Amino acid sequence: MEVVEKRIEESKVAYIPHKGSYDKIPELMQEVGEWLSEKNLQMTGRVYGTYFNSPEDTPTENLQYEIGFSFEGTTMPEGKIGIKEVPEHTVLTAMHKGPYTEIGPVIHAVADYAVKNGYDIVGPVTEVYLNSPLEVPESELLTEVQFPVIKL
């Protein structure tokens, strides 16, 4: 597996924060996507989940994460949908191919790479979903794992 440093461009995102089981992720994705469609906003391709704690050491009911989509246009937060600007930043990234439930080793490998190569992880892990389980078999799912970093 190759770990790469890259810059992420500034983007505007619509997102839903959630506390609880990851089982809600597909429903939250659908909700954000439908909301953007109803607002006639152009999605720009970044579909992501940012995970603020780990299922390895956090009870399911306390898992905290957000699911979001990047978009172009102007809108205001509404209901449980938040809107924010994600500034340009540097990440360490690696690709995972296969079921979402098997992504843990890739997350650990990127974090280990950061420590061994003089990077400071400055934020939570983000998974960028490059295709959909509605379009491809689980074995073909592509997820980009990203950690925001600064070089020490």
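This is a predicted model: local features need pLDDT of at least 70, side-chain atom pairs count only at pLDDT 80 or more; totals for chains, interfaces and linings use all residues.
**View 1. The largest pocket and the residues around its centre.** Here we're looking into a pocket with a volume of about 900 Å³. Its lining counts 31 residues, and I25, Y51, Y100, E127 and Y129 are the ones that lie nearest the centre. Sorted by class, the lining comes out as 19 nonpolar, 9 polar and 3 charged residues.

View 2. Four elements each put at least two residues into the lining of the largest pocket: the helices α1 (25-38) and α2 (104-116), plus the strands β3 (42-51) and β8 (125-129).

**View 3. Helix α1 from end to end.** With 14 residues, α1 reaches 20 Å from its first C-alpha to its last, close to the 20 Å expected at 1.5 Å a residue. Just past the helix sits N40, with a positive phi of about 55°.

**View 4. The two sides of α1.** I25, L28, M29, V32, G33, W35 and L36 are the buried residues of this helix. Look down the axis of α1 and they fall within an arc of 160°, so they line one face of the helix. Turned away from that buried side is the face with the exposed residues P26 and E38.

Note on methods. Residues are numbered from 1 along each chain as its sequence is written. Side-chain values use heavy atoms; hydrogens and water are left out. On a 1 Å grid over the protein atoms alone, a cavity is a set of points where a 1.4 Å probe fits but cannot get out, and a pocket is an open set with protein on both sides within 12 Å along at least five of seven lines; lining residues have an atom within 4 Å of a point. Grid points are joined across faces, edges and corners, and a volume is the space filled by probe spheres set on the points. Ala, Val, Leu, Ile, Met, Phe, Trp, Tyr, Cys and Pro count as nonpolar, Asp, Glu, Lys and Arg as charged, and the others, Gly among them, as polar. The expected span of a helix is 1.5 Å times one less than its number of residues. Buried means under 20% relative accessible area, exposed over 50%, partly exposed in between (1.4 Å probe, protein chains only). The arc is that of the directions from the helix axis to the C-beta atoms.
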